[in-house]
Amino acid sequence: MRRSNLPAELNRFVGRAGERDELGRLLEEFRLVTVVGVGGVGKTRLALRCAAAAEKRYVDGVRLADLSALRDPAVLEHALAEALGLTDHTTRSPRTMLAEHLAGLRLLLVVDGFEHLVEECAPLLRELLGRAPGLTVLAVGRRPLRVDGEAVFTLAPMTDGDAVELFGARAAAASGSAAPAAPGAAVLELCRRLDGIPLALELAAGRLPLLTVEQVLHRLDDRFRLLTDGARGALPRHQTLRTAIGWSHELCTPEERLLWARLSVFAGPFDLEATEYVCGSADLPPERVLDVLGGLLAQSLVLREDTPAGPRFRMLDTVAAYGAEWLASLEDTARMRRRHRDWYMGLATWCELEWFSPRQAEVAAATDAALPNLRAALELCLEQPDDAHLALHLAGTLWFYWAGCGRLAEGRHWLDRALATEPERPGPHGHHDPRLKPLWVLGYVAILQGDDTAAVAALHECGDRARQAGDRVAEAYATHRMGCLALLSDDMPRAEDLIRRALDAYRELGELNSNVLMGQVELAMTRIFQGDLEGAVALVAEVREVCEERGERWTKAYALYVLAYAAWTRGDHAEARGLLAECITIDHVFHDMVGLVLAIELLALVTASEGDPAEAAVLQGAAAPVWASVGLPLFGSGYFSGPRELCERQAGELLGPERYEASVREGRALSLDEAVDRALAGRRRRPAVGVPGTRTPRPFRTGVPETRKPAGSPTGKGGEAAG
């Protein structure tokens, strides 16, 4: 008998270097290793490659038992005996024969395609391993065996690099080319759309004699019809993508199939609570969802991943697409999409309320993780004319995310679309107007983007409608945001007047949240730019105190910015640096690019004032790409341009044009994370010979420009829940 019955490879094995190394290590450490993964992910091919590589370690060889075509559990033991090349004419049971034969051998047994026989296969392998100390089993299936001592290796889809290489190699073979064509953007997109599943990639490559890559991409909406006609002689479950996924579907319990179908409505990662609400029903009680989800997870039909918001689950697009077809056949798609929308509208409402709390960072992470599903919810609201008010509500509720977490452009997109739905005529006095909140949120986002025309139009409409509806809260928000626009337009008296009026209204109405506190920071800025340093410090010191009491960090960062500006003005560079370090840390956590770049700009001035013009120039260079992602640097404001112009002038004079530009280029080359690390390092170089420390100037007022096309706000963002 040959030492190995492994089949020869018919084409080149591509990629999976890291997976091969890890699986090889597990085979050295464990006697039972199970490779699991979704259908078509390449489990068998990888296992056979690793088994062949490990053959020299087993003096009695490597044997493959392919159970995929076996349907009768009663002949399982006979199938293993056949794979081992055993014949027996005695009256011994096949199980006894197997155990006695293997007892004295040092052998690797590869058991492939066991998942439909897992109840019978697991106890048999457990017994054989117990009676044959030299036996190692490498099992390959879509679920673990759940045997003591089992090491489970979950095979993920291919990385982008491996997927592109595999597709190129198979495409070259399909076209008869000697070498794969150079990969392009379309190939990379195709590989990502196919989830990096090797079977799908190979089937797609087989279409290239007839279709271009771009045509294959265009037809992927019906991937199960497109990716057919696998290689002749391939296992039945591997001949088409549909059969590969359908085989997994057949192995599921009725509850697992139902959950699989319902999970297809999720557009991205989801958590257990969302699953229980959206997918639970009388025929799948919420208390059963955890166990059923665990079954799908065990079969690699659902993947688990750790995120900053905690553990989340997701389905590969190919698996979800199969589930969506099943859900459609149940005629339940519309109802499930509505349940999905309702959950994420509730999540958005919870996040808005918790934004003004110690859970602010958790809220930001949760909203980040939920973004694909929030988009799907918004799309559904906009598809149905009767749900236009829901689109307005959801787009407005997410103000904290659009403005506070660096999502201005996307927020503008959804707000514009929601408000473009058929406008309602203002109702009678006291009538709730669903357009009010998204209007002031749109006005605020437009201010931060530098679109003054859109901002004024939205805020004026909001104010007029709020007065007609008798909604004093919404009117206060509109007034507040008009004050913010005046602040960035360098009209400090008007900005102070409007913001004070808004703050007075907030106090009278009992409104206290991040937006109110941000208004007080903005008021402080109007005072500091008008020379009232003491008054400004008093205002933001109060904000800082309230933020620390409430656990609010995002608005606190802007209060720290103003306090740092005041400290620099007093010549207290150490205090200014410390305040800015905390400010930068908070802004980076929330991805608040406006607050972050303002703080880095001010830190550059502090650094120059400490006597390190080269490092100051590096920080100025680091700020430039951030401004490019926000909009017009320093909002086109004469007041906010002051620190940068002063720093540039001082550092340029001390370093000279060439050294200054070299330092700026060094800063421009830094990534965002590197720029933040550089700023927080607080590195203070000794001034070069002949370069004295810079002098801290008195507070300045630059000339106010006649025109402005701003793109951001030094006050960051604000706007809490309003009507």
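The protein chain exposes about 30000 Å², and carbon and sulfur atoms supply 52% of that area; accessible areas here come from the Shrake-Rupley method with a 1.4 Å probe. Of its 723 residues, 57% count as buried, meaning under 20% relative accessible area.

A quick word on the model, everyone. It is predicted, so local features need pLDDT of at least 70 and side-chain atom pairs count only at pLDDT 80 or more, while totals for chains, interfaces and linings use all residues. Residues are numbered from 1 along each chain as its sequence is written, and side-chain values use heavy atoms, with hydrogens and water left out.

The protein chain has 33 helices and 7 strands, which are DSSP runs of at least four residues for helices and at least two for strands, numbered from the N terminus.

Now, the sheet. Which strands make it up? 5 strands form an open sheet, in the order E2-E3-E4-E1-E5, with parallel pairing; two strands pair if DSSP finds at least two bridges between them. At the edges sit strand E2 (62-66) and strand E5 (150-154), each pairing on one side only. Inside it, 6 bridges join strand E3 (residues 107-112) to strand E4 (residues 135-141), and Asp112 has Val140 in E4 as its bridge partner. Helix H5 (residues 118-131) packs on the sheet and touches strand E1 (32-36), E3 and E4, where contact means heavy atoms within 4.5 Å.

Last, a helix pair. Helix H16 (residues 333-355) and helix H17 (residues 360-383) have their axes 8 Å apart, the axes being lines fitted to C-alpha atoms over the stretch in contact. Thanks, everyone!

How values were computed
Axes fitted to C-alpha atoms, helices over the stretch in contact; angles between N-to-C directions. Buried < 20%, exposed > 50% of the residue type's maximum accessible area, 1.4 Å probe, protein only.
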